[in-house]
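Try each task before you read its solution.

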Amino acid sequence: MADTLMTRDAMQTLAKRILAMSSADETRVNISSDAAGNTRFAAGDITTSGDTEDTVISITSTVGGRRASSTTNLMDDASLKRAVDTAERLARLSPQDPELVPELGPQQYQNVDASNADVSDLNAASRAHAVEQLITAARAPGGAMPIDPATLFVAGFLEARSGARGVATSKGLFAYHASTDVSLSCTARTPDGTGSGYASAGGRAWTAVDPGALGRRAAQKALASRNPVAIEPGRYTVILEPRAVADFIPGLMGSLNARSADEGRSAFSKKGGGTKLGEKIVDERITMLSDPFDPDLRGQPFDSDGLPLKRVVWIENGVLKNLAYSRFWATKKGVEPTGGGGGGFGRNPAGLKLAGGTKSVDELIAGTDRGVLVTHFFYIRSLDQRTVLLTGLTRDGTFLIENGKITKSIKNFRWNDSPLLSLARLADIGKAEPVEAGLVMPSLKINDFTFSSLSDAV
Amino acid sequence: MTSRRDFLKTAAIGAVAAAGTSRIARAESLLNPWSSDTGDPMANEVALSAIQAAKDAGASYSDARVGRYRRQFIAAREHQITGVNDSESFGIGVRALVNGAWGFAATRDVSREGAVRVAQQAVKVARAARAVTHTPVVLAPTPAVKGSWRTPVQQDPIDVPIEDKVALLLAANEAALKVPGVRFANSGLALLREEKTLATTDGTLITQTFVRVGPSFTVTAIGDGDFQSYTEEMAPRGSGWEYVTSLDMVGNAPKWAAIAAEKLTAKSVDVGRYDLILDPTNLWLTIHESVGHPTELDRARGYEANYAGTSFVAPPEKMIGKLKYGSRLMNIQADRIQQDSLSRCAWDDEGVAAESWLLIKDGMFHDYQTVRDQAPAIASLNGVNHSHGCSFADSWDTVQFQRMPNVSLLPGNADTTIDDIIADTDRGVVIKNRGSWSIDQQRYNFQFSGQVFYEVRKGKITGMLKDVAYQARTPDFWGSMDMIGGKRSYWLGGTFSDGKGEPGQSSSVSHGCVPARFRQVNIINTARSV
């Protein structure tokens with residue numbers, strides 16, 4: 001493919017070409033180059049499959065204390081010049097930015113090897129083969145099955161991406177990082193529509209994914225979850241599998257923004273002013289961090305400004321240790337910036353890890369008298385920023401645990417709860433595992449999780 | 001034959017010819033090498049080369065989309081501009097059907113050579129998929145069309161001087177910040193011009209230009225240990241800059257800011273069942289989630305099972321004409337023709353002509369939303385042999401699939417207003433604007449909030465409430481609708497970003513509706529203490 005993973009040299013040459021066109025006081029060039037392949041399947045058939053490639057160039061110009069940007073994917077000289085001119089023109093027309101921080105000069109970066117050839121080699125034929133393996137495994141006969149597994153409805157998605165990111169400034173900074181990521185997820189549904197199971201895996205290498213195992217797991221959950229019974233909504237001990245934890249806990253990240261906390265509009269703002277930095281906010285077994293150099297994360301070692309990203313421990317042994325400082329807010333407050341744009345709901349480019357314990361999900365179940373096992377969540381939305389209260393639903397495999405064993409399939413619930421308040425009610429913590437590229441989460445056992453109503457959805 | 005180099009040269013000449021107009025207009029035309037209503041000859045040629053190459057490589061059907069997307073975002077907080085970005089994206093995506101299996105490939109290399117290469121790649125991908133496709137794709141017939149269409153606007157928002165846009169946002173923030181208690185104001189503009197050329201092996205060749213505008217405004221008031229925000233529901237529209245100015249953001253900002261400040265002292269709601277009076281600024285999203293998504297045929301057939309979910313409106317043979325969805329007052333129309341709506345077009349991304357049809361008729365489920373490879377599955381049930389024209393891809397590098405048209409609640413026959421509904425209600429809550437929203441994967445259990453809530457007692461608004469969300473089950477909720485507004489109270493809401501599909505795609509869609517009352521709906525309190 002024409003755009004397959006732009007090399008460091010090619011990206012640096014392109015950045016220099018663009019910087020040479022600029023007449024602004026300062027210019028920053030961000031380049032992202034991606035080649036991706038995906039295969040989607042449903043009803044046991046591949047429904048769509050595609051290969052795409054693109055390179056996107058973003059130019060940020062600063063003129064007289066004013067800043068603006070323009071983005072293009074056209075790479076001939078005339079188009080690049082046009083994009084540079086647009087950014088400069090928009091900058092000149094913008095009001096002065098009182099929060100402007102100068103572009104960065106040269107920085108030292110520690111390299112992170114985040115690419116695996118087995119992902120970039122995953123072409124349409126290999127993807128189709130993997131999907132076939134998954135479907136065959138899901139539908140394989142075995143054991144005393146309540147229904148014929150060959151009749152399972154199997155749907156899912158496989159995506160492989162190779163990408164490179166570059167940042168260059170007119171002050172001599174250049175940063176480059178290449179990475180791959182792959183993910184495969186599947187949902188198996190019983191033909192009577194009463195059972196549904198989900199399984200997923202992902203990482204920087206294709207070896208992180210075992211299509212057959214995912215198919216078997218989703219099918220097993222679908223068969224086990226048939227004919228769910230309704231139990232009363234209310235407060236339950238829950239065991240969240242790592243995928244469910246990954247859906248839920250990163251919802252905290254937005255509240256970690258230092259500026260919002262200082263301004264009194266975050267869960268980490270203190271009544272009467274100030275923030276909760278240094279205070280114990282959750283159970284002492286909780287430690288959450290971002291670290292591009294962690295071998296389990298292999299994140300990007302710089303942010304979009306080109307600022308080197310380091311290990312940042314957000315919560316350590318239950319204590320709020322760091323908030324996310326943008327370069328502007330860090331300067332104003334006289335602290336080191338954490339980078340990454342100062343927080344947000346989503347992922348940090350350096351990755352996110354919630355440290356785990358030693359127990360397997362089975363061991364957590366065995367230690368539970370009565371509780372609910374959750375496979376994953378759906379449609380999570382914020383309800384109240386003051387407490388990071390979220391709402392969402394359980395999905396594709398929700399089971400009742402009684403006396404250390406899974407006893408029955410139960411109907412899905414809507415829940416209203418907060419990752420912040422939940423982590424303060426931690427009962428136990430399982431082993432951490434990679435959930436997707438740059439994201440490592442353990443299973444969690446949480447007391448008094450609030451299920452507010454029943455859902456008829458399977 | 002136009003090479004890419006020649007094409008760019010022509011574009012540059014075109015730009016020079018535009019000199020003499022204002023500084024802004026000149027620079028904008030540089031960014032927009034073509035903007036004609038008759039289609040771009042180079043795009044046409046590249047798209048036609050692609051489908052020919054796919055055919056030559058063995059495709060039984062192929063379509064190629066050349067897309068150019070211009071987007072502009074401006075964001076302001078308080079007295080400063082926090083971001084000005086102008087972006088363009090240009091490329092070609094080719095879909096090929098080989099022995100009943102789909103393949104897709106896309107590149108930003110919009111040259112004849114690039115188009116041929118990517119078309120051959122699409123065929124190769126389809127051949128690989130064929131090995132795991134047991135049910136061959138069948139396409140509903142559609143007549144070949146040739147022509148062009150563009151969103152009718154008085155003023156293209158991209159062409160409006162940036163100074164005017166910046167001044168508007170800063171003035172709106174300024175006006176809001178004068179209100180006591182209000183500490184923060186965020187405003188923004190998202191502006192889009194999308195040009196698409198579609199060629200299909202059925203003989204269709206069309207070019208469309210879409211213009212969309214999305215203004216936004218949020219204020220936050222700070223109290224002692226509390227903060228409350230208010231976001232005005234400024235519906236994005238398929239309209240020009242004239243729509244943005246019609247909203248009078250500067251004139252209205254103090255009113256919106258005062259709501260945020262008042263929320264600090266509003267009474268926290270008592271949980272329980274209330275008669276719910278939903279303003280159109282809130283109801284549009286409830287329609288989107290509880291009617292728009294479940295009536296998508298691809299969901300009903302399980303194609304979204306792994307992501308967006310399936311639907312309670314399934315299987316089709318048990319639903320069409322048989323499912324009681326809501327009360328008899330409920331008539332829901334789907335369309336892609338409504339003026340100023342976000343999903344308006346002349347043809348969809350398969351070249352199917354835009355139309356309107358009923359999804360729900362007198363409370364009964366009537367029909368689904370369809371595309372060409374889904375419509376044949378229900379033709380014997382709904383008697384419709386063609387696609388309803390719901391195909392859409394959000395970029396040249398994503399494959400088109402079934403996306404929601406405008407889905408709207410039709411007004412009642414009487415000339416009822418929201419004030420009439422309030423006057424008729426003994427104990428209720430009025431909800432305005434979208435707040436938090438969440439619904440399960442089969443679209444049964446939903447929970448929605450709003451931005452501002454009023455308590456109604458004995459036919460009158462008695463005060464403001466806070467911490468309100470309503471939770472219901474779709475058929476129960478729509479079954480409880482007993483009063484709706486008339487034509488005069490109709491309002492068109494919508495969203496710029498509705499997500500669906502893997503890889504995820506975003507589409508823009510509008511929902512028109514009138515105010516309506518729903519009896520005895522469960523209201524919860526969302527406040528917690530840390």
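The exercises below look at a helix pair and then at a chain interface.

This is a predicted model, in which local features need pLDDT of at least 70 and side-chain atom pairs count only at pLDDT 80 or more, while totals for chains, interfaces and linings use all residues. Residues are numbered from 1 along each chain as its sequence is written.

**Exercise 1.** Describe how α3(B) packs on α4(B).

*Solution.* Step 1: take helix α3 (residues 41-56) and helix α4 (residues 112-130) of chain B; their axes lie 8 Å apart at an angle of about 35°. Axes here are lines fitted to C-alpha atoms over the stretch in contact, and angles run from 0 to 180 degrees between N-to-C directions.
Step 1: list the touching residues (heavy atoms within 4.5 Å). α3(B) brings B:Val46, B:Ser49, B:Ala50, B:Ala53 and B:Ala54, and these meet B:Arg112, B:Ala115, B:Val116, B:Ala119 and B:Val123 of α4(B).
Step 2: sort them by class, which gives eight nonpolar, one polar and one charged residues.

**Exercise 2.** Characterise the interface of chain B and chain A.

*Solution.* Step 1: count residues; 90 of chain B are in contact with 90 of chain A.
Step 1: find the buried area (accessible area lost by both parts, 1.4 Å probe). About 7,400 Å² is buried, 51% of it on carbon and sulfur atoms. B:Arg108, B:Phe227 and B:Asn306 lose the most in chain B, together 10% of what that side buries.
Step 2: search for salt bridges (Lys or Arg side-chain nitrogen within 4 Å of an Asp or Glu carboxyl oxygen). The rule finds eight across the interface. A:Glu53 and B:Arg117 also meet in a salt bridge, at 2.9 Å, N to O.

Technical notes. Chains lettered and ligands numbered in written order. Heavy atoms only, no water. Helix = DSSP H or I, 4+ residues; strand = E, 2+ residues; numbered from the N terminus. Nonpolar A, V, L, I, M, F, W, Y, C, P; charged D, E, K, R; others polar. Buried area = accessible area lost by both parts, 1.4 Å probe.
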